[in-house]
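Subject: Structure handover

Hello,

Here is the structure I said I would pass on. My notes on it follow below.

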Amino acid sequence: MTVALIDSGLGLVSTTGWLRHLAPEVDLLLLLDPDGAPWGSRTASFVTDRLFTAAQSAVQRGAEAIVVPCNTATVTAIDALRERFEPRVPVIGTVPAVKSAAATGQGIAVWATVRTTSSDYQDRLIADYANGRPVARVACPGLAEAIDHGDMTAATQAIADAAERTPKNCDSVVLGCTHYPLVAPEILQSLPAGTTLYDSAEAVARQTLRRLDRTRESHSTTGSIDVVLSGRRGNLPVGAHAYPVGRALAAAGRVPRDILISAATRFPMAAPAI
């Protein structure tokens, strides 16, 4: 069985890591778009075109499910993608875990790209799931790009800037960009003690396996990991090697749970996958 994951850059790494941990026997096809990255600053038509091109390629290569571990792409084109490929090929999108944060937190902030922060989609998500709690919208310009390049100096600067603009009463921070979990430890260090991060990668991976009726874990074999870069076969970008899960995936081995989680980070089982 082959599962395809599509993102412009390293935003797919965390979800890929969880799939590799939960179902190492599944073959994974990773479709990145370095020629078009970052999608967060692109027009809706551009993102839709790139996403459809990658999805069509994935299906032609035998993918039996398409995962979009990218908030920007999910916001922009998940409905159109489903209309094109379902029910034959399940399409799983990614939703920031606002509902889970609202269930436990008092003050909530959502860190996301500039595009997602200003989107009607995020406004609707907050209106529907924040239970009336005030939610701080914190755009993080440059953070996803720094993570893609493995540039920890630039990432640290972007994190510090976002933390400075996050209200001090926010005890729950939702990671609204799938790149951000790769630097969760650094984000936690920048925020007040006791802050909890909410990430959706594990929930998206589990939802994918449920859609494929593969909820029972099997560790008898290890599947392949193939990488396609803007239509060309390749390897995970060098930037992926800056992160433990990226190094594990580059080695095509199994991914242990301890490199997927950070202290004070929660992986909710409901609402962040659609």
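Which backbone oxygen does the side chain of threonine 166 reach? The backbone oxygen of alanine 162, at 2.8 Å. Please bear in mind that this is a predicted model.

Threonine 166

This residue sits in the loop between helix H8 (152-164) and strand E7 (172-175). Its relative accessibility is 4%, so threonine 166 counts as buried, the cut-off being under 20%. Besides reaching alanine 162, the threonine 166 side chain makes a polar contact of 3.0 Å with the side chain of tryptophan 111.

Helix H1

Helix H1 covers residues 13-22, and nine of its 10 residues are buried, so the helix is largely enclosed by the rest of the structure. The buried residues are Val13, Ser14, Thr15, Thr16, Gly17, Trp18, Leu19, Arg20 and Leu22. The cover over them includes strands E1 (2-6), E2 (27-32), E3 (65-67) and E9 (225-229), together with helices H10 (201-211) and H11 (244-250).

Methionine 1

Methionine 1 belongs to the segment before E1. With a relative accessibility of 31%, methionine 1 counts as partly exposed, because that value falls between the 20% and 50% limits.

Helices H2 and H3

Two packed helices are described by the angle between their axes and the distance between the axes. For H2 (residues 44-60) and H3 (residues 71-85), the angle is about 45° and the axes are 9 Å apart. That angle makes H2 oblique to H3. The crossing of H2 past H3 is right-handed. On the H2 side, the contact is made by Ala44, Val47, Thr48, Leu51, Phe52, Ala55, Gln56 and Val59. H3 contributes Ala73, Thr76, Ala77, Ala80, Leu81, Arg84 and Phe85. Sorted by class, the contact between H2 and H3 has 11 nonpolar residues, three polar and one charged.

Regards

Note on methods:
Residues are numbered from 1 along each chain as its sequence is written. This is a predicted model: local features need pLDDT of at least 70, side-chain atom pairs count only at pLDDT 80 or more; totals for chains, interfaces and linings use all residues. Side-chain values use heavy atoms; hydrogens and water are left out. Axes are lines fitted to C-alpha atoms, for helices over the stretch in contact, and angles run from 0 to 180 degrees between N-to-C directions. Helices (H or I, at least four residues) and strands (E, at least two) are DSSP runs, numbered from the N terminus. Angles under 35 degrees count as roughly parallel, over 145 as roughly antiparallel, 65 to 115 as roughly perpendicular and the rest as oblique. A crossing is left-handed if the near helix is turned anticlockwise from the far one by less than a right angle, and right-handed if clockwise. Contact means heavy atoms within 4.5 Å. Ala, Val, Leu, Ile, Met, Phe, Trp, Tyr, Cys and Pro count as nonpolar, Asp, Glu, Lys and Arg as charged, and the others, Gly among them, as polar. Buried means under 20% relative accessible area, exposed over 50%, partly exposed in between (1.4 Å probe, protein chains only). A polar contact is a pair of N or O atoms within 3.5 Å; within protein, one must be able to donate a hydrogen and the other to accept it, and residues adjacent in sequence count only if both atoms are side-chain atoms.
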